[in-house]
Structures are given as structure tokens and as C-alpha cells.
Amino acid sequence: PGAKLELVTQGHERVEGPLWDRTTPCLLYSDIPRNAIYRWCEGKGDELFLKPSGYTGLTPFTGKEPGSNGLTFGLDGRLIMAEHGDRRISRVDAGGRKVTLVDRFDGKRINSPNDVIVASNGDLLFTDPPWGLPKWWDDPAKELPFSGVYRLTPRGGLTVLTRDFEAPNGIALSPDETRLFLSESKPELGGWYVFDVAPNGTLSKKRRLLDAVPWAAARQGVPDGLKVDESGNVFAAGPGGVYVIDPGGALVPGGTLLGVIETGGPTSNTAWGGDGSILYITAGTRIFRIKTTTRGAGW
């Protein structure tokens, strides 16, 4: 009660992929058009952290989104990035060098990885819509006929978890890792979904938590990045703000919208930071934060 949305920083082109670094402690985030990752620290403000972040080609990138998008830390604490321009999942080694973890499936280049998370066993789960390709689904460089959600094991095994989305975007696991939450960001299909996760990592029982099409028609934005709190509630960025969704139990056909944290414009992602109760929110050119009475999952 009484919590107010606080502006953290502004003046960027389009921010995404917020990630709290407990070791500093500071917030990392992508500015996709600028092909850069920035770091914001309390009392110090912004500074450039890594450039280029997602496109290292010698020729100019012809699309709008060359940079990195989703960011996470591996179990070893190294930074892992979903890169649009170079169309890969990469990791920053101890010496600061970027190493490709995956950029192909069945010998074909993946589209433009959007968001990436790490399971407790070290598996990487990531979404691969075409948003980073200059012409999206119609781009001549698109090699795969689908937009997949993938699992990459620590040994390098890559499998497709689902091909049921046109533009899979945000991804998160429930606190016990028995459910996987995903967003569909194609505007006319927009919504938030949940799957059951089997012990072997396969998905089943796809069901929609919340239809975002009516919201997208009335506000700016689409379903985008999402995070989960310690109780399993989903904090999902979307049209006009962050949608807080109680996913219910396995027998509940849909989720319950608890409320919306209004940002006034397209909202791209969220991250837990501070002591775990501060929700950081990327929204267009700005980053906000708000104090909550919960904490991030696994904090």
C-alpha cells in the first residue's frame, strides 16, 4: 500500500533484459537499438558495460534491433546473453571474451533469441522469435520454418520444447520448476501461457493464463518479458504496464489477474533487485522500480 513507481533512468532508445547483479550490486540492462549493455548503480547512475552486445558484423545492421535482449547469469556467475544481431546465445568468459553457446538447430541458424533463463540443473531455456530479423517472418535470412522454445543442456544437447508459438518471448519457471510460463508476443495472438514440466524437461498441458489481445487493442505494447515471485505469481510486462497474474493450480483453466502496475506505455520486461523485493521495470526509453511486499523466486 502506498508504493509509488519510481523513475530510475531514462533517455535510452529501447531498454530490455534487466538483470540484477548482487555482486556489485547494480542493474544490467540491454539497449537493443544501441547494440549495448549498460549498468546502473545506486548513487552513480548509468555507465556503458558492453558494446557491441548483440551484433559484431562488419556491415551495418539493416533492422531495428541489433543488440542483446534477455540477460541472465549462469550457475558459475558468468553473464549469458540472448543476441539478436548475431543470432545466438552467448556467454562472457572470465577474460571478457564472448563465446557462442548455441546458434544453430539441425544445422540451420536460429532466428533471434529473445529471452533466456537458467534452470537449477544448469539447463538454459530460451525463446527464439523473429523480432531481431529485419523483416521478421519474411526475412530472407530466416532459415527455420518455426519460432521455437529451446532447452540447451550443459553438455550442449539442444532440443525444441515447443513450436506452438508465432513469437515466443518472455520465459520463466515456477519456484519448484514444475511449470513453465511463456508469453506470445504476436499482437493478434498475444497472451500468457503455462505448461507442466516433466522431470525429463519435456512440456505438456499447454493452457492460457490470460488473453492479452483486448489489452493490446486498448493500450500500447504486447506481452513481453516476465518474472515469478516466491509465491509463484507471474509479473508479466505487457501493454501499458506489468500484469500481476496468479496462475492458480494445475486444475485451474486460466489465471487470475491480480492487478496492473501502470507505466503509461509499452513495457518490455521485469527483474527482481535490491533485497529481492524491488521490482525493476523496463519500459521503452525508461526504467522504473517499485517496492513490493513479496520477493523474487529463489531469492
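Which strand gives the most to the lining of the largest pocket? Strand 2 does, with five residues.

## About the model

This is a predicted model, in which local features need pLDDT of at least 70 and side-chain atom pairs count only at pLDDT 80 or more, while totals for chains, interfaces and linings use all residues. Residues are numbered from 1 along each chain as its sequence is written, and side-chain values use heavy atoms, with hydrogens and water left out.

The largest pocket has a volume of about 970 Å³. Of the 36 residues that line this pocket, Leu19, Arg22, Thr72, Val118 and Ala297 are the closest to its centre. At least two lining residues come from each of strand 2, strand 6, strand 12 (116-118), strand 16, strand 20 (226-228) and strand 24. Strands here are DSSP runs of E with at least two residues, numbered from the N terminus. By class, the lining of the largest pocket holds 20 nonpolar, 11 polar and five charged residues. Ala, Val, Leu, Ile, Met, Phe, Trp, Tyr, Cys and Pro count as nonpolar, Asp, Glu, Lys and Arg as charged, and the others, Gly among them, as polar.

The second largest pocket takes in about 600 Å³ of space. It is lined by 25 residues, and the closest to its centre are Arg14, Glu65, Trp131, Trp136 and Val222. Nine nonpolar, 11 polar and five charged residues make up the lining of the second largest pocket. For both, a pocket is an open set of points on a 1 Å grid over the protein atoms alone, where a 1.4 Å probe fits, with protein on both sides within 12 Å along at least five of seven lines; lining residues have an atom within 4 Å of a point. Grid points are joined across faces, edges and corners, and a volume is the space filled by probe spheres set on the points.

## Salt bridges

With a salt bridge taken as a side-chain nitrogen of Lys or Arg within 4 Å of a carboxyl oxygen of Asp or Glu, the count comes to 21. Arginine 78 and aspartate 93 form one of them, at 3.3 Å from N to O. Arginine 78 lies in the loop between strand 6 (68-73) and strand 7 (79-83) and aspartate 93 in the loop between strand 8 (88-92) and strand 9 (98-102), so this pair ties together parts that are 15 residues apart in sequence. Aspartate 93 is buried at 19% relative accessibility, while arginine 78, at 30%, is partly exposed. Buried means under 20% relative accessible area, exposed over 50%, and partly exposed in between (1.4 Å probe, protein chains only).

Aspartate 93 also meets arginine 91 in a salt bridge, again with 3.3 Å from N to O, and arginine 91 is partly exposed at 23%. Asp76, Arg78, Arg91, Asp93 and Arg97 are linked in a network of salt bridges. Elsewhere, lysine 291 bridges to aspartate 275, with the closest N and O atoms 3.6 Å apart. Lysine 291 lies in strand 26 (residues 286-291) and aspartate 275 in the loop between strand 24 (269-273) and strand 25 (278-283), so the pair ties together parts that are 16 residues apart in sequence.

## Aromatic pairs and charges over rings

The whole structure has 16 aromatic pairs. Tryptophan 131 and tryptophan 137 make an edge-to-face pair, 5.1 Å centre to centre with 75° between the planes. Tryptophan 131 is buried at 14%, and tryptophan 137 is partly exposed at 25%. Phenylalanine 235 and tryptophan 272 are also edge-to-face, at 5.0 Å and 75°. This pair links distant parts of the chain, with phenylalanine 235 in strand 21 (residues 234-238) and tryptophan 272 in strand 24, 37 residues apart. Rings of Phe, Tyr and Trp (its six-membered ring) pair if their centres lie within 6.5 Å; planes under 30 degrees apart count as stacked, over 60 as edge-to-face and the rest as tilted.

Phe105, Phe126, Phe146 and Tyr150 form one aromatic cluster. The charged end of arginine 163 sits over the ring of phenylalanine 146, 4.1 Å from its centre. Arginine 22 lies over the face of tryptophan 299, at 3.8 Å from the ring centre. A charge sits over a ring if NZ of Lys or CZ of Arg is within 6 Å of the ring centre and within 35 degrees of the ring normal.

How values were computed:
Helix = DSSP H or I, 4+ residues; strand = E, 2+ residues; numbered from the N terminus.
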